[in-house]
Amino acid sequence: MSGLDQMLRLQKWTLDEKRRQATDLEALIERLRGDIRRLEEEVANEVEAARNDLELSRMLPDYKRTMAERRERIEKSVADLSAELDKLRDQIMESFAELKKTEQTIANRAQRQRVAQRRREQNRADEVGLQLHRRKKDTTL
């Protein structure tokens, strides 16, 4: 296995690993967004319950404040993870470009080798043809 083949294998592995990380981040972000939706539903349910219960209505402001703080923390986490995901996507694009460069280099090298092989074969065929021509010429003299 040549050095380029090893490099190509490593680049493919790196790209796959980054794609897996991006998928994991996307899943985590989606899970956190689901948490925010559930939190909003929970707050709405508590507000509805507090309308019918005096004791709950007294505790509602503190509860809403606590839930708002929790929501802010989750939203900050989503924003941080989204920024990290954007960076990772940029790295994926760079890795993909490097992978394509390596693939093209390997393809170009293989093409040059095929051309050189055809050239050598043609030179051999020409040499055989010249030798036959010389022999034929020598026998006619």
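Thr102 is buried, with a relative accessible area of 5%. Buried means under 20% relative accessible area, exposed means over 50%, and partly exposed lies in between (1.4 Å probe, protein chains only). Thr102 sits in helix H2. The model is predicted: local features need pLDDT of at least 70, side-chain atom pairs count only at pLDDT 80 or more, and totals for chains, interfaces and linings use all residues. Residues are numbered from 1 along each chain as its sequence is written, and side-chain values use heavy atoms, with hydrogens and water left out.

- Leaving aside neighbours within four places in sequence, Thr102 is in contact with Leu4, Met7, Leu8 and Gln11. Contact means heavy atoms within 4.5 Å.
- The side chains of Thr102 and Gln11 are joined by a polar contact of 2.7 Å. A polar contact is a pair of N or O atoms within 3.5 Å; within protein, one must be able to donate a hydrogen and the other to accept it, and residues adjacent in sequence count only if both atoms are side-chain atoms.
- Thr105 also lies in helix H2. Thr105 is partly exposed, with a relative accessible area of 34%.
- Thr105 and Leu4 are 101 residues apart along the chain, and their C-alpha atoms are separated by 8.3 Å.

**The whole chain**

- The protein chain has two helices and zero strands. Helices (H or I, at least four residues) and strands (E, at least two) are DSSP runs, numbered from the N terminus.
- The radius of gyration is 35 Å, well over the 14 Å that the globule rule gives for 141 residues, so the chain is more spread out than a compact globule. This radius is taken over C-alpha atoms, and the globule rule is 2.2 Å times the number of residues to the power 0.38.
- Along the principal axes, the C-alpha atoms fill a box of roughly 125 × 20 × 20 Å.
- Of the 141 residues, 18% count as buried.
- Take the contacts in the chain with a separation of 6 or more: residues 24 or more positions apart account for 77% of them.

**Helix H2**

- Helix H2 covers residues 54-140, which is 87 residues. At 1.5 Å a residue, H2 should span 129 Å; its end C-alpha atoms are 125 Å apart, which agrees. The expected span is 1.5 Å times one less than the number of residues.
- H2 bends by about 45° at Leu60, and a proline, Pro61, follows within four residues. The bend at a residue is the angle between axes fitted to the seven residues ending there and the seven starting there.
- Asp53 caps the N-terminal end of H2. A side-chain oxygen of Asp53 lies 3.0 Å from the backbone nitrogen of Glu55.
- The buried residues of H2 include Leu60, Tyr63, Met67, Ile74 and Thr102.
- Helix H1 (3-52) is among what covers the buried residues of H2.

**Leu15 in helix H1**

- Leu15 lies in helix H1. At 2% relative accessibility, Leu15 counts as buried.
- Neighbours within four places in sequence aside, Leu15 is in contact with Ile92, Ser95, Phe96 and Leu99.
- The C-alpha atoms of Leu15 and Met93 are separated by 8.9 Å, while the two residues are 78 apart along the chain.

**Salt bridges**

- Side chains of opposite charge can pair when their charged atoms come close.
- A search of the whole structure finds 13 salt bridges. A salt bridge is a side-chain nitrogen of Lys or Arg within 4 Å of a carboxyl oxygen of Asp or Glu.
- One of them joins the side chains of Glu26 and Arg89 (2.6 Å, N to O). This pair links distant parts of the chain: Glu26 is in helix H1, Arg89 is in helix H2, and they are 63 residues apart.
- Glu26 counts as partly exposed at 35% relative accessibility. Arg89 counts as partly exposed at 37%.
- Asp35 forms a salt bridge with Arg31, and the closest N and O atoms are 3.4 Å apart. Asp35 and Arg31 are four residues apart in helix H1, so about one helical turn separates them.
- Arg31 is partly exposed, at 48% relative accessibility.
- Arg31, Asp35 and Arg38 are linked in a network of salt bridges.
- Glu55 forms a salt bridge with Arg58, with the closest N and O atoms 3.7 Å apart. Both lie in helix H2, three residues apart, about one turn of the helix.
- Glu55 counts as partly exposed at 45% relative accessibility, whereas Arg58 counts as exposed at 56%.
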